[in-house]
Amino acid sequence: MPAVLLILALLCPAAFAQQTAWLWDEARLPTWSVHEAAVLQRHILLTGDDILLRPRKRWPALPPSTLVTPVLHVEVSTVNPPVDIEKSRAIIISALLDAAARGSSGWVQLDMEAKPSQRVFYRSLVRDIRAALPSRIKLSVTALAWWCRAPAWLDDLAADEVVPMFFRMGKDSAAMRAILEQSPTTLHASCRARSAGFSPQEPFASAVSERYAKNYWFDRYAWKRDGADLPPTSRSPE
């Protein structure tokens, strides 16, 4: 990077931060994310004795130059929790490897909202996925916001990137927002590193997203409403 650009990047990281849209089912690609998109590739539901796999309904229209980070979403039912979650290990790993083969960004992402009782399984699953992936493919994992205050979840996690999701935080929302805005150094180091996830429907002060080199963005309206093509940090709250 030329010296002038390097100085600008250090003084104004937001100007150089990578903005990447998450594209769930039926989502369209906003113009500001044309360089790279994180695209849901498959959904796995763990419920009772069942492991239900559902591929993406329809692949979004993307320019040939758009880099794709495939996303595997694993949902653990809270209504009917899996009887033996260990049975899903090989299926999840296989699905993640299949997703990785369909990407073009050099990354693949696991999006799994594990429960406290499943922490040991989750951490060992991430380790096994990292070991199974080719070294040229980097592993990204999303993290629930409250994990950022629970070292047992993130200490030495075998992922190349942790993406804390600072939206839909439920009962922890007010407390987490205060921490992010006023005392971010109290968060786990993984939640203060390279990347974070946000939503334009739950905006923060720009200083929060500017701390990260890469921002992932989730839109509850699938990027279909007026103004979706405006950079998320410049949009008015919805």
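Is Cys 191 buried or exposed?

Tutor: This is a predicted model, in which local features need pLDDT of at least 70, side-chain atom pairs count only at pLDDT 80 or more, and totals for chains, interfaces and linings use all residues. Residues are numbered from 1 along each chain as its sequence is written, and side-chain values use heavy atoms, with hydrogens and water left out.

Cys 191 is buried, with a relative accessible area of 0%; buried means under 20% relative accessible area, exposed over 50%, and partly exposed in between, for a 1.4 Å probe and protein chains only. Its partner is Cys 148, and the two form a disulfide with sulfur atoms 2.1 Å apart, where a disulfide is a pair of cysteine sulfur atoms within 2.5 Å. By this rule the count comes to one disulfide. Cys 148 sits in the loop between strand S6 (138-144) and helix H4 (151-154), whereas Cys 191 belongs to the loop between helix H5 (173-182) and S8, so the pair ties together parts 43 residues apart in sequence. Helices (H or I, at least four residues) and strands (E, at least two) are DSSP runs, numbered from the N terminus. The disulfide is left-handed because the torsion about the S-S bond of Cys 148 and Cys 191 is about -90 degrees. Cys 148 is likewise buried, with a relative accessible area of 1%.

Ser 199 is buried, with a relative accessible area of 3%.
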